[in-house]
Amino acid sequence: MFTLAEVASLNDIQPTYRILKPWWDVFMDYLAVVMLMVAIFAGTMQLTKDQVVCLPVLQSTVNSKAQPSTSGKADFTTVETTTGQGEEASMRTVSFGSTPTVTPDVPLSRATSSQYPPTESGQELKKEQKDSSGRKTNLDFQQYVFINQMCYHLALPWYSKYFPYLVLIHTIILIVSSNFWFKYPKTCSKIEHFVSILGKCFESPWTTKALSETACEDSEENKQRLTGAQSLPKYVSTSSDEGSPSASTPMITKSGFKFSADKPMIEVPSVTILDKKDGEQAKALFEKVRKFRAHVEDSDLIYKLYVGQTIIKTFKFIFILCYTANFVNTISFEHICNPKVEHLIGYTQFECTHNMAYMLKKLLISYISLICVYGFICLYTLFWLFRIPLKEYSFEKVREESSFSDIPDVKNDFAFLLHMVDQYDQLYSKRFGVFLSEVSENKLREISLNHEWTFEKLRQHVSRNAQDKQELHLFMQSGVPDAVFDLTDLDVLKLELIPEAKIPAKISQMTNLQELHLCHCPAKVEQTAFSFLRDHLRCLYVKFTDVAEIPAWVYLLKNLRELYLIGNLNSENNKMIGLESLRELRHLKILHVKSNLTKIPPNITDVAPHLTKLVIHNDGTKLVVLNSLKKMMNVAELELQNCELERIPHAIFSLSNLQELDLKSNSIRTIEEVISFQHLKRLTCLKLWHNKIVNIPSSITHVKNLESLYLSNNKLESLPAAVFSLQKLRCLDVSHNSITVIPVEIGLLQNLQHFHITENKVDILPKQLFKCVKLRTLSLGQNSITSIPDKIGQLLQLTHLELKGNLIDRLPATLGQCQLLRKSGLVVEDHLFDTLPLEVKEVLNQDTSIPFANGI
């Protein structure tokens with residue numbers, strides 16, 4: 001038989017699982033233990049004391065109407081038991097009629113007087129037995145043992161014999177059913193993970209500190225609400241309310257934070273100061289919770305398994321109750337037995353007593369009572385399971401009690417596990433919800449970030465850019481440290497790959513800030529911060545992947561001068577470029593769009609009258625519709641790069657104020673339309689580089705005001721004389737072509753200061769080139785030039801001379817007459833430099849002691 005210790009392991013669930021066992025499961029476990037004790041007690045009693053005692057029923061009693069046989073002789077056997085003082089009985093054979101029978105050796109008066117009167121035949125029998133001799137066999141005891149065993153199996157109801165074993169089997173099945181979801185491999189792994197995470201979240205220092213911070217914020221908010229103190233902000237916008245964000249504009253409304261002159265910032269409560277170890281553990285918990293939720297929410301196996309095992313227990317209860325009720329009355333103390341061994345014993349019927357009947361009946365009634373209680377609890381469990389949707393869990397109450405209003409509702413197995421935890425203690429789910437909130441995670445990141453990035457550390461990262469402005473670049477941080485806004489002398493702030501960037505009211509302290517970069521950083525701003533940026537920000541760079549990442553408040557910065565948009569603006573999203581329209585950007589002068597446009601977005605025309613510079617850099621996508629350019633009457637600089645243009649757009653010829661045109665990296669083959677540039681009286685710079693232009697039309701001479709002409713990286717083979725009729729030309733770049741000859745007409749360009757003809761096929765330098773005495777830059781590298789004329793000494797203003805990659809064998813000594821030329825501006829091979837006289841070298845090397853001599 002099983003011992004209690006051996007069976008108790010079936011219900012030995014880990015103590016940590018107690019949080020997932022509601023009161024009914026715990027109560028049913030106790031009931032199962034009691035039923036197990038009943039089974040063990042009944043089984044022990046049955047093994048040790050269970051027996052049946054049977055006595056024969058006389059035949060005359062059984063059949064009182066029976067008649068003697070025709071021969072007048074009674075044919076039956078009487079068996080009685082006596083015990084001597086030595087507990088031994090003598091056996092003798094007594095013959096009634098013709099049948100010999102074994103009877104105990106008792107006094108004749110006891111053996112016969114109770115049934116038959118003494119007769120003559122009896123006396124003869126006594127005489128025969130007295131004369132007979134034999135051996136004692138104790139067969140009377142063996143007969144009774146035999147009958148008891150026979151009647152135990154024949155007369156005793158089966159339920160009386162197997163009741164303890166049935167109770168044991170039923171109890172084990174109920175215990176297994178109650179704990180199957182803890183042991184099943186598909187569910188136990190998730191449950192173990194959940195219990196582990198839940199315990200860590202409950203005990204995490206961040207949970208306490210986050211809730212404490214919430215309490216501090218609530219008390220601060222209530223204090224301000226009660227006092228009604230309205231402190232003046234440190235920065236008060238001098239502009240009108242026009243241009244302020246609408247209700248749909250995503251602004252941060254921070255209830256517990258008020259920026260004022262008297263109180264520039266609220267001190268962080270001491271409870272929010274986490275050490276590094278606690279912060280890292282909390283971050284790891286946020287990641288674990290996020291992954292566990294994604295893993296568990298996609299199925300409802302745990303819920304189905306729990307419902308299934310509850311239904312099985314309910315059916316088990318009904319089954320036990322139904323068949324047990326029929327056997328209660330069968331358990332009786334007295335039983336009639338007909339073993340059908342008359343040929344061995346001589347009796348056909350026996351009356352037996354079962355000594356365990358009363359005990360078994362009491363135990364059975366107790367067992368039925370326990371099963372009824374167990375069944376009612378199962379029915380209640382089913383009622384609970386189907387009364388509310390357990391596959392959905394809402395943190396609405398937690399959201400109301402805390403500041404974490406973004407705690408999401410969960411579903412499926414995740415929701416069911418939380419419902420089960422609530423039956424144990426609702427405080428678990430409340431503290432667990434802290435790790436489901438993005439606001440909580442962001443607060444943790446903010447605290448860790450502020451702890452790591454102090455004012456002194458940020459000051460070390462401030463550098464000066466090419467424009468000699470103080471610049472701070474923050475890359476891939478969890479947020480913007482508060483200490484950034486204490487750098488009041490900062491000019492440029494770059495935020496890159498900071499998805500949770502928030503700009504608080506403290507930015508109004510940064511009075512020198514005029515340039516802001518948001519690279520993949522959809523920053524949110526508070527109302528006061530927006531007012532400051534609206535009036536002070538002059539330059540904004542926004543780099544994005546999708547147009548929806550552009551913060552809506554960008555389109556409301558009415559004092560913005562320069563806007564740079566870099567990202568995907570395909571044809572489907574073009575109409576979205578102005579989420580709030582660019583109409584409010586009344587002072588916008590420069591618009592730079594680097595994208596994949598197929599047409600100029602219509603919303604750009606909202607600010608077209610104000611624009612002075614428009615730059616569109618495509619990624620090779622063909623720009624087709626350009627009619628919108630006609631509305632940009634004030635545009636002075638226009639760049640259309642990498643737009644797959646095949647000709648100069650006619651819409652450009654309407655821009656009467658155009659001064660600089662850049663059509664770099666297109667597919668322009670011919671520029672016959674250049675004659676129309678004569679109407680653009682202010683055009684001074686024309687950049688047609690990196691195209692496929694074969695020749696320059698003579699009509700270019702009509703563009704008389706042209707000062708810079710860039711034709712590098714084309715397919716030119718010659719330079720027409722018309723180019724050299726542009727008397728105002730100061731810069732001519734024809735590098736990376738196939739030009740073989742520099743025309744002698746180049747001497748007509750008396751104002752030429754920069755001439756680039758690098759990487760062509762020029763072999764001879766005309767003497768007329770050196771009549772351009774204003775030349776400061778002369779690039780002749782990567783050609784086939786064999787010699788440099790001595791007249792190069794006439795170029796007194798020359799500061800940069802490139803000769804590398806030619807066939808020159810020596811340099812003229814007249815280079816020493818170029819007063820502004822230094823060795824740093826002379827690009828030649830080292831061995832050619834060594835051919836110069838020593839005094840010329842000394843002149844050219846003077847830049848080592850006068851480093852800024854050529855910077856005049």
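**Notebook: cysteines and a nonpolar patch**

I started with C352, which is buried at a relative accessible area of 1%. The model is a predicted one, and I kept that in mind for the entries below.

Entry 1. I looked up the partner of C352 and found C54, with an S to S distance of 1.9 Å. C54 is in strand β1 (residues 52–56) and C352 in strand β6 (residues 350–354), so I noted a link between distant parts of the chain, 298 residues apart. I read the torsion about the S-S bond as about 110 degrees, so this disulfide is right-handed. C54 is buried as well, at 1% relative accessible area.

Entry 2. I then checked C151 and C337, which form a disulfide with sulfur atoms 2.1 Å apart. Their S-S torsion is about -90 degrees, so the bond is left-handed. C151 belongs to helix α6 (residues 139–154) and C337 to strand β5 (residues 334–337), so the pair ties together parts 186 residues apart in sequence. I found C151 buried at 1% and C337 buried at 1%.

Entry 3. I counted two disulfides, and their pattern along the chain is 1-4, 2-3. I also looked up C372, which is partly exposed at 23% relative accessibility, and C378, which is buried at 0%.

Entry 4. The largest share, four residues, comes from α2. Y30 lies in α2 and is exposed, with a relative accessible area of 57%.

Definitions and conventions. Residues numbered from 1 in each chain as written. Predicted model: local features only at pLDDT ≥ 70, side-chain atom pairs only at ≥ 80, totals over all residues. Heavy atoms only, no water. Helix = DSSP H or I, 4+ residues; strand = E, 2+ residues; numbered from the N terminus. Buried < 20%, exposed > 50% of the residue type's maximum accessible area, 1.4 Å probe, protein only. Disulfide = S-S within 2.5 Å.
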